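Please look over the sequence and the model shown here before reading on.

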Amino acid sequence: MTDSSIGFSKYEEIGSEQRKQTAEKEIVEWGRDADKYREYRRLWDKAANENYLPSNPLHVDIELSSACNLRCKMCNHGISTMTDVGFMDDRLALRLIDECALLGVCSIKFNWRGEVTLNGFLPEAVKHAKSKGILEVQINTNGLPPKKDILIQCAENNIDRIIFSVDGFSKETYENVRIGGDYDKLLGNIHELIAWRKEKKAGKPLIRVQMVRTQSNAFEVTDFIAYWHGLVDDVRISDVTDRGQGNEMSVGDQDAVGRRRCTQPFQRLVIARDGRVSPCCADWNQRYVVGDANSTSLAEIWSNDRIGFMRCIQNNNEHDKIEICTHCPVKESYVWKRRK
């Protein structure tokens, strides 16, 4: 294995220094809970960078929908490897939220592989999570819900963060990447949420827009950042990863030269819409299930032998002992070197 001191150990994403400043500013919006949020992020970083395992997951992804209304080129829906799709049962979702609250989970995101706004139960799930004291409640969305007001309903129910995936600066580029998307409608929906927050004089929901950088949209990154900076709280550029479509979409200006301990099984659990639990968000086809939340508590799953084995092989840098780790697309599990 290549030592992490060669080149640089972490993938250098565009605007990484700006992200640090943004994260510090966002803490203020937690008001009386700012210290709790700061401590949550401290533990998140500790689990990532030290030999530390929290007594409970810091974050849980609860997949309210595995279905999607777009067919993006870099996504499993776009390459047709997602076949069994649907919505999580409302009763299971509420029970999982309650479990998370009792465990002391700091953060919940209500999606994983699908578009969460397709599930009309979303605003109620947000409301329930906040009523139970979950510190951070958030979603990722393509911003094109069938019911336009569902994002405003989430805002009214005190969601903390809404993350919009906007993979282009021009209509042509965006709609070429996000097949089935409507760029003008998306912009309208984001600006409507911005206007709602301004009208209510509210600091939340925090709004992030992000782009997955590929060969087909990399030339628009500068304009993308310039347009959204100042309009929203956070602008992020992430590089495409291989979810089965191959690496032909990658810009390829950084090379993986080794492996490093992955952070995810030390920080989170990912619960699919049918209740099966994965140790990381990269296990899209659930080839390494660590438990079933329908029959086993999250506390038991967090400490069982199966997830423990994954942590062990990560600590020992033995990724080839688990298939999903061997071929993992998570950038944080590699050592990187910038291409000259």
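**From a strand pair to the whole fold**

Asp-61 stands opposite Lys-109 in strand β3. Strand β3 (residues 107–109) runs parallel to β1, and 3 bridges join the two; strands are DSSP runs of E of at least two residues, helices are runs of H or I of at least four, and both are numbered from the N terminus. Two strands count as paired if DSSP finds at least two bridges between them. This is a predicted model, in which local features need pLDDT of at least 70 and side-chain atom pairs count only at pLDDT 80 or more, while totals for chains, interfaces and linings use all residues. Residues are numbered from 1 along each chain as its sequence is written, and side-chain values use heavy atoms, with hydrogens and water left out.

Strand β1 (residues 59–62) also pairs with β10, in parallel, over 4 bridges. In that pairing, Ile-62 has Ile-271 of β10 as its bridge partner. Ile-271 also stands opposite Val-277 in β11. Strands β10 and β11 (residues 276–278) are antiparallel, with 2 bridges between them. They form a hairpin with 4 residues between the strands, and Gly-275 in the turn has a positive phi of about 100°.

Which way do the residues of strand β10 (residues 268–271) point? Arg-268 and Val-270 point one way, Leu-269 and Ile-271 the other, and all are buried, where buried means under 20% relative accessible area, exposed means over 50%, and partly exposed lies in between (1.4 Å probe, protein chains only). In a regular strand the side chains alternate between the two faces of the sheet.

These strands belong to an open sheet of 9 strands with mixed pairing, in the order β8-β7-β5-β4-β3-β1-β10-β11-β12. β8 (234–239) and β12 (291–292) are at the edges with a single partner strand each, so one side of each has no neighbour in the sheet. Val-212 lies in strand β7 (residues 206–213) and is partly exposed, with a relative accessible area of 22%. The C-alpha atoms of Val-212 and Gly-168 are 8.5 Å apart, although the two are 44 residues apart in sequence.

Next come the helices. In α4 (residues 122–131), the buried residues are Leu-122, Pro-123, Ala-125, Val-126, His-128 and Ala-129. An α-helix has 3.6 residues a turn, so residues three or four places apart point the same way. The buried residues of α4 pack against α3 (90–103), β4 (136–141) and α5 (150–156). After α4 comes Gly-133, with a positive phi near 90°. In helix α7 (residues 183–200) lies Asn-189, which is buried at a relative accessible area of 6%. Beyond its neighbours within four places in sequence, Asn-189 is in contact (heavy atoms within 4.5 Å) with Gly-143, Leu-144, Pro-145 and Lys-148.

For the protein as a whole, the secondary structure comes to 11 helices and 13 strands. The radius of gyration is 19 Å, close to the 20 Å that the globule rule gives for 340 residues, so the protein is as compact as a globular protein of that length; the radius is taken over C-alpha atoms, and the rule is 2.2 Å times the number of residues to the power 0.38. Of the 340 residues, 53% count as buried. Among contacts with a separation of 6 or more, 71% are between residues 24 or more positions apart.
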